[in-house]
Amino acid sequence: RSECDLKLLYWRDVRSSGLLFGCSLFLLLSLLSCSIISVLSYSTLALLSVTVSFRTYRGVLQAVQKSDEGHPFKQYLEKDVALSKDVVQRHSDAVLSRIDGVLKELRRLFLVEDLIDSLKFAVFLWVLTYVGAWFNGLTLLILGLIGAFSGPVVYEKHQVMGHGCEKTCSVLLSVLCNVHVSLVLLKRT
């Protein structure tokens, strides 16, 4: 993760984190009641209404004060928004390598290259059927978003209290290691 992502999740810049969290949560909650097309249409219409109102306000203000400040969004209109071929190529290469990795792993799992891994994947999918029966996908996204923005801060503030969990975590880790060793031994036999 980049340093910027962590700053947002740890609320180092409260304004940026709050804006991102609020907009993301609003978008997800809106998707619970409306289609994505409606949410995008209403959101862009609201943004356009704000910019047109601000432009009109500044135009009237300039006319009353008889000033010539120019277009209020001039600095943004002059910025170059074109994507360079290098940036597009770099990101498309990264996405393509991720997709290739996922496809290779899915091929390996579905064509049962390793029986144990395919059975683990089957159990994972079976558990997901129960999760899907309990929660809507958007509900999980909302819970994940809230957890991503609140979890790091809660951990950072209360990590001194969390040292009691180290023993529990070490026991769980040793159990998981023993299970993994047992699975490896079963696989060899």
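Which element gives the most to the lining of the largest pocket? It is H2, with 3 residues.

All views show a predicted model, in which local features need pLDDT of at least 70, side-chain atom pairs count only at pLDDT 80 or more, and totals for chains, interfaces and linings use all residues. Residues are numbered from 1 along each chain as its sequence is written, and side-chain values use heavy atoms, with hydrogens and water left out.

**View 1. Helix H2, residues 14-33.** Helices here are DSSP runs of H or I with at least four residues, and strands are runs of E with at least two, numbered from the N terminus.

**View 2. The largest pocket.** Here you can find Cys 23, Phe 26, Leu 27, Ser 43 and Leu 47 in the lining. A pocket is an open set of points on a 1 Å grid over the protein atoms alone, where a 1.4 Å probe fits, with protein on both sides within 12 Å along at least five of seven lines; lining residues have an atom within 4 Å of a point. H2 and helix H3 (36-65) each give two or more residues to this lining.

**View 3. Two annotated spans.** The unreviewed UniProt entry places "transmembrane region" at residues 19-48 and 123-150; such annotations may be inferred rather than shown by experiment. Residues 19-48 are 93% helix and 0% strand, with end C-alpha atoms 18 Å apart. For residues 123-150, the end C-alpha atoms are 30 Å apart, and the chain is 93% helix and 0% strand.

Key
The expected span of a helix is 1.5 Å times one less than its number of residues.
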